[in-house]
Each structure stands twice: as C-alpha cells, then as structure tokens.
Amino acid sequence: MKNLLWLTLLLAFGSCLKNGSPSSRDSVPGPITLVIHGGAGTMKRENMSSEQEQAYREKLTEALNSGFDELEKGGTSTNAVIASIKILEDSPLFNAGKGSVFNSEGTNEMDAAIMDGNTLQAGAVAGITTVKNPITAAYAVMAKSPHVMMIGKGAEKFAEEEGLEIVDPAYFFDSTRYKQWLKAREDKSGQLSTFYDPVIKDLKFGTVGAVALDRFGNISAGTSTGGMTNKKYGRVGDAPIIGAGTYANNASCGVSATGWGEFFIRLTVAHDIATLKQYAGLTMQEAADSVVMKKLPRLGGNGGIIALDRQGHVSMTFCTEGMFRGWIKKKGEGKIFIYKED
C-alpha cells in the first residue's frame, strides 16, 4: 500500500513538471534571440513598389540590429526590446510614435506596454500625446512606479517628471497619415478605411513590437501603437493591455500582437498562447497556431503575433496576407519577411 502511494505521488509530480514547472526540461535557455514585427495586414507584392519594400526592409533590419546589439554586449532582454521598438517608433513607416495615425478628433493618441518575463513586472501607457517614444514611458511605469498602467495627462506628467523626451504634439503629424484620416472620415461604413494604409495600398493593422531572450535566460516583450485611424476619442486597443497584446513569462514565452485590438482583448490572445505553451504541453508554434489561426478568426478577428520561448523557439504567426517581421540569433544573420509566401 505504501509503495502504491509513493508511485502515485511520483506520477503526480512528474505530471506537474511536464505541464509547466520552471524546473522541467524546458528550463535550459537557448541562445540570445530577438524577434520583431511592424504590423500585420493585407500586404501584397503588387501593391508595393520596390522602393517602398526596400524602405521597410531597411528599417526593420535597423531595428533588429539595434536590439541585437544590446543582447550581444550582455544587455537585458528589456533593453533590447526598447532599443528595437524605438527605431520603429521614430519611423513614419509604422503606426507607432512618429508614424501614428489620427483619431476622430484629428490628433494622435498612442499606447505602449512592456513586460519582464523574469519578474512578471509590467508597465503600460495609453492615450498619450507628447512622449516621443511611448515604449520608454511604459518602461518608466514598470521600473519607476508601483503601478502597471497610466493613461493620458497623468502618464504624460509622470513621463516628464522621469526625464523622458517630451515633444510638441505637432511632432507626430505626418501628411500621409493625415490623408489617411481624411479618407477614413469620408467612409460611412468606417471599417475598411479604419485599417487602410496608403503606402501599401491595402489594409494594415499598425503596431510594432519586439520579444527578446537574453544571455541570462530572461524573456521580455513590448508593443507600441498609434491605434486605429479615426478611432473614437479615448479608445484603447490591445497593445497596452497586459495579457491581450503584450505578455512575457520565463515559464512559458513572450508575445507581442498586432491586429484588430478589440478581438485580441476579448480573447486575451497573448496570455492564452502563453498558457497553452506552459500547461497544455504545446510547442511554441502549436500554441500560436491554436489561437491566431483558429480562435481569432472564429470570433471574427484577424492579425498576427510574434512569440519567443526560453529555448529560443520563434513563432511569427498571422492569419492575414502578410506581416512585417524578422528575427535574429547571430550577428549579421538576421532574417526579414513581409509577405505570407516569404
């Protein structure tokens, strides 16, 4: 009887290890790795000139190299995520920071979030209009305050007090985005023009994000966005919602999402992927596919994610025609992709 009891306990303990214990076989970290995205959408080769495509590839490569340089010199995954996202925020090519779209009142409101998979600390900001790099404001909330999310004027005041770069809202004005907003106002149905991008001449969910694994085996994830064109004042999407558009946990993975935010919030996409990875025993790709390729379309949403686990397994999964994306594990050997067939 005693032997049977011991056998039962051992089997139960083994099951716990298999289903997500940090001390399982998955605890050995992989090589330093960085994966980024610049938004998912209906990217088609025929809709983009070679010059436009080259511009996207060059900026994504710059972001990838900037973040990887942080990892290579021994920096943390959090530093790498911030470095990559700042490059994308400073480019008008992407709907974040400088390239943010206009809301229904003709202004730019930005959201961002970051999470540390080692400590499970997180920081987020929403509806900010004066911080040059929203991802730095999200980090300040995580590192310099007892809070997880701050919004609007309060977040801006906090960012200024912490010495972040503050700019006049006019800095975010971009003529291409402004024309996009004017087109959206004319569309009575609202849906199509909300996601229409005049650069790629098709639909695009504008968001940027990065997930990194550092030499210490720690994962971090971050996301930044300008939201939806012509969105209602005060609207907040999934990007700054921890567990929806951004999530990181060393025991499972890090995730940054891009897509129709309302659906990502309702499905808590990022956390769902992490949960399937940790407790259902799915691989990184299987967990991502289960949510992005099945649950999300079933509800009526679409978009994509980038994800990375502690062993360096990468997923760049999307249920659209394309997604600006890339990954790197070794200096000079980064990979950049745009279309589904890449």
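Me: Which residue of β10 stands opposite Thr246?

Reply: Thr246 stands opposite Ser256 in β10. The model is a predicted one, in which local features need pLDDT of at least 70, side-chain atom pairs count only at pLDDT 80 or more, and totals for chains, interfaces and linings use all residues. Residues are numbered from 1 along each chain as its sequence is written, and side-chain values use heavy atoms, with hydrogens and water left out.

Me: What makes β9 and β10 a pair, and how many bridges join them?

Reply: Strands pair if DSSP finds at least two bridges between them. Since that threshold is two and 3 bridges join β9 to β10, the two strands qualify, and they run antiparallel. A hairpin of 5 residues connects β9 to β10. Strands themselves are DSSP runs (E, at least two residues), as helices are (H or I, at least four), and both are numbered from the N terminus.

Me: Which strands make up the open sheet of 4, and in what order?

Reply: The order is β9-β10-β11-β12, with antiparallel pairing. Strands β9 (246-248) and β12 (314-318) stand at the edges, each with a single partner strand, so one side of each lacks a neighbour in the sheet. From one strand to the next, the twist averages 10°. Between β10 and β11 there are 6 bridges, and Val255 has Ala307 in β11 as its bridge partner. Strand β11 (residues 303-308) and β12 pair over 5 bridges; Gly304 stands opposite Phe318 in β12.

Me: Why is β10 called largely enclosed?

Reply: Buried means under 20% relative accessible area, exposed means over 50%, and partly exposed lies in between (1.4 Å probe, protein chains only). In β10, 6 of the 6 residues are buried, and therefore the strand is largely enclosed by the rest of the structure. Gly254, Ser256 and Thr258 point one way, while Val255, Ala257 and Gly259 point the other way, and all are buried.

Me: Which strands does helix α9 lie across, and at about what angle does it run to β9?

Reply: Helix α9 (residues 269-279) lies across β9, β10 (254-259) and β11, at about 25° to β9. Helix α10 (residues 284-299) lies across β11 and β12, at about 10° to β12. Such angles run from 0 to 180 degrees between N-to-C directions of axes, which are lines fitted to C-alpha atoms, for helices over the stretch in contact. Contact means heavy atoms within 4.5 Å.

Me: How do you know that Thr129 counts as buried?

Reply: Its relative accessibility is 16%, and the limit for burial is under 20%; therefore Thr129 counts as buried. Thr129 is found in the loop between β3 (122-128) and α4 (134-144). Leaving aside neighbours within four places in sequence, the contacts of Thr129 include Asn108, Glu109, Met110 and Phe172.

Me: Why is Ile151 called exposed?

Reply: The relative accessible area of Ile151 is 54%; as exposed means over 50%, the word applies to Ile151. Ile151 lies in strand β4 (residues 149-151).

Me: What makes strand β14 largely enclosed?

Reply: In β14 (residues 335-339), 4 of the 5 residues are buried, so the strand is largely enclosed by the rest of the structure. Strand β13 (residues 322-328) pairs with β14 in the antiparallel sense over 4 bridges, and Arg325 stands opposite Phe337 in β14. The hairpin of β13 and β14 has 6 residues between the strands, and there Gly332 takes a positive phi near 80°.
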